[in-house]
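Okay, everyone, thanks for coming. Let me put today's model up on the screen, and then I'll walk you through it.

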Amino acid sequence: MAMPKLLLFVHLLAVIVWIGGMSFVLFCLRPASADLLPAQRAPLMVATLERFFLQVTIAILAIWVTGLAMLLPVGMAAAPPGWHMMLAGGVVMTLVFVWIRWVIFPAARRAAGTSDLPAAAASLGRIRLLVVVNLVLGVLTIAAATLAA
Ligand code: HEM
């Protein structure tokens, strides 16, 4: 099997983990958890996001390593516009994730740990908004990667 095919396979697998996970959290887990008591909901969301964010960290590393391994031999000058857009999408999505995981999530975890439920709910709400941003950017990036010339 050709190496670029293997790189693309891992690249797409990692994209699927990231985008699919965001979709599951937003459209399945979060609405279902809204029926729980706040004292149950906050720890559930924090424990779930803790595991999901570890997966996303690994997925992002895989996306960057495989993406650059496919892009650099071709070079930016020769790369099609869709690849440039994908790189831009990847940069912004990565920055948004770093902000979620290392700025907002620690506050949510601390608040849930000390049973400060209103503060936990506020942080979880901010995380939700930024995950919406990254899901929209992710869909646009996939569109750019597949549809742009
Ligand atoms: C972070 C930096 C990234 C780089 C450097 C990068 C680079 C690349 C390259 C060079 C290819 C082309 C492989 C080929 O056709 O031979 C590719 C494919 C692809 N990438 Fe990325 N990528 C990045 C991030 C992303 C992100 C964040 C997404 C989605 C959210 C994404 C989605 C895709 C998809 C769907 C393809 C398949 C396109 C197709 O073959 O039609 N990439 N990537």
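So, we have 4 helices and 0 strands here, counting DSSP runs of H or I with at least four residues as helices and E runs of at least two as strands, numbered from the N terminus. Going along the sequence, that reads α-α-α-α. Bear in mind that this is a predicted model: local features need pLDDT of at least 70, side-chain atom pairs count only at pLDDT 80 or more, and totals for chains, interfaces and linings use all residues. Numbering runs from 1 along each chain as its sequence is written.

The C-alpha trace spans about 55 × 25 × 25 Å along its principal axes. Of the 149 residues, 23% count as buried, and by that I mean 20 or more other C-beta atoms within 10 Å of the residue's own, with 12 or fewer being exposed, partly exposed in between, and C-beta atoms placed from the backbone.

Now, the ligand. Its shell has 23 residues, and Gly67, Met70, Gly90, Thr141 and Ala145 come nearest; the cut-off is a backbone-placed C-beta atom within 6 Å of the molecule. Helix 1 (3-33), helix 2 (38-71), helix 3 (81-113) and helix 4 (117-147) each give at least two residues to that shell.

Is leucine 29 buried or partly exposed? Leucine 29 is partly exposed, because 16 other C-beta atoms lie within 10 Å. From leucine 29 to valine 132 is 103 residues in sequence and 14 Å in space, C-alpha to C-alpha.
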